[in-house]
Amino acid sequence: MAALVQLPYEATVKLALASLERNHLPDVVIRRLTRLLLAARLRSGYKPSVHLQLSDLLRFINSLKEMPIAIKTDEPKAQNYELPTSFFNLVLGQNFKYSCCYFEKSSSTLEEAEKAMLEMYCEKSKLEDGQTVLDVGCGWGSLSLYIAQKYKNCKVTGICNSSTQKDHIDQRCRELGVENVEIIVANISTFEVERSFHRIYSIGMFEHMKNYKELLKKISGWMKEDALLFVQHFCHKTFAYHFEV
């Protein structure tokens, strides 16, 4: 175990994942390796002075401006979004929420925490019944379906990059009798739509993106004059880094 600490971060990740995928590691080792990898990642991000930390952040920001909106979109798609829906039935709650939940109490169930978070999105974005909604990176449709059921006069459009996700959402719409949801399979980098929306949501998608300036420019073209954009973005409190797949 001590030898792993001396290995470069990327080599350690590859070694750990290879062993994990072959089911060679007991839980106690998995937990220990996870802590080691997190510690190594933090060491690589923190710089010895505020000046160096800021310089590193500015270099990162400038590098994003030279990149396309998104890269390597097929890798996370293959790793996660095209997996059989039956797998996610085992690990997600009944709303199929594939991001943060809000546990208001220590006794809250997963389903209660899912609903609390979905309700928080609607409250913070001041969503009103009858508005048009665009859910960018809608995943398995937790927010799209929640809005469509609670705000029955809203018209909800969801964008995902997985036909498996679309099939699941379409099936749930049929089961629930929901008719105000449209799901489009598309790559956000090339997706275009001539409509505009009152509310646009992006839950857990921005961390996969690169050129935020171009992304926000694209999204702004889909917003009505009084529209609001709600973004949930996973990030570190101190330093920025590229999402790894």
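Arg 172 and Glu 175 both lie in helix H9, 3 residues apart, about one turn of the helix. Helices here are DSSP runs of H or I with at least four residues, strands are runs of E with at least two, and both are numbered from the N terminus. The side chains of Arg 172 and Glu 175 form a salt bridge, with 2.7 Å from N to O. A salt bridge is a side-chain nitrogen of Lys or Arg within 4 Å of a carboxyl oxygen of Asp or Glu. Side chains of opposite charge can pair when their charged atoms come close. Arg 172 is partly exposed because its relative accessible area is 27%. On this scale, buried means under 20% relative accessible area, exposed means over 50%, and partly exposed lies in between (1.4 Å probe, protein chains only).

The model is predicted: local features need pLDDT of at least 70, side-chain atom pairs count only at pLDDT 80 or more, and totals for chains, interfaces and linings use all residues. Residues are numbered from 1 along each chain as its sequence is written, and side-chain values use heavy atoms, with hydrogens and water left out.

Helix H9 spans residues 163–176 and holds a further pair, Asp 170 and Lys 166. These two residues are 4 apart, about one turn of the helix. Their side chains meet in a salt bridge of 3.0 Å, N to O. Asp 170 has 21% relative accessibility, so it counts as partly exposed. Lys 166 has 25%, so it also counts as partly exposed.

The structure holds 6 salt bridges. One of them joins Lys 218 to Glu 192, at 2.9 Å from N to O. This pair links distant parts of the chain, 26 residues apart. Lys 218 sits in helix H10 (residues 212–220), while Glu 192 sits in the loop between strand S3 (181–185) and S4. Lys 218 is buried because its relative accessible area is 12%. Glu 192 has 57%, so it is exposed.

Arg 199 lies in strand S4, which covers residues 197–203. Arg 199 is buried yet has no salt bridge. The nearest side chain of opposite charge belongs to Glu 128, 5.2 Å away. Arg 199 touches several residues beyond four places away in sequence, including Ser 125, Lys 126, Leu 127, Asp 226 and Leu 228. Contact means heavy atoms within 4.5 Å.

Helix H7 has 15 residues (110–124). At 1.5 Å a residue, H7 should span 21 Å, and its end C-alpha atoms are 21 Å apart, which agrees. The expected span is 1.5 Å times one less than the number of residues. Buried residues of H7 include Ala 113, Met 117, Leu 118 and Tyr 121. Their cover includes helix H8 (142–150), S4 and strand S5 (223–232).

Just after H7, Lys 126 takes a positive phi of about 55 degrees. Phe 96 has a positive phi of about 60 degrees although it is not a glycine. Phe 96 is found in the loop between helix H6 (85–91) and H7. At 6% relative accessibility, Phe 96 counts as buried. Asn 23 is also not a glycine, and its positive phi is near 60 degrees. Asn 23 lies in the loop between helix H2 (9–21) and helix H3 (27–45). Its relative accessible area is 67%, so Asn 23 is exposed.

The protein chain as a whole has 10 helices and 5 strands. Its C-alpha atoms fill a box of roughly 60 × 40 × 35 Å along the principal axes. Of its 245 residues, 38% are buried. Among contacts between residues at least 6 apart in sequence, 68% join residues at least 24 apart. The domain assignment gives domain 1 (1–45) and domain 2 (85–232). Such bounds come from an automatic or database domain assignment. The centres of the two domains, taken over C-alpha atoms, are separated by 33 Å.

Mean pLDDT for the chain is 90, and 93% of its residues reach 70 or more. pLDDT is the predictor's confidence in each residue, from 0 to 100. Over residues 1–6 pLDDT stays under 50, and there the model has 8 contacts beyond four places in sequence. Where pLDDT is low, the predicted coordinates should not be read in detail.

How values were computed: Lys, Arg positive; Asp, Glu negative; His and termini not counted.
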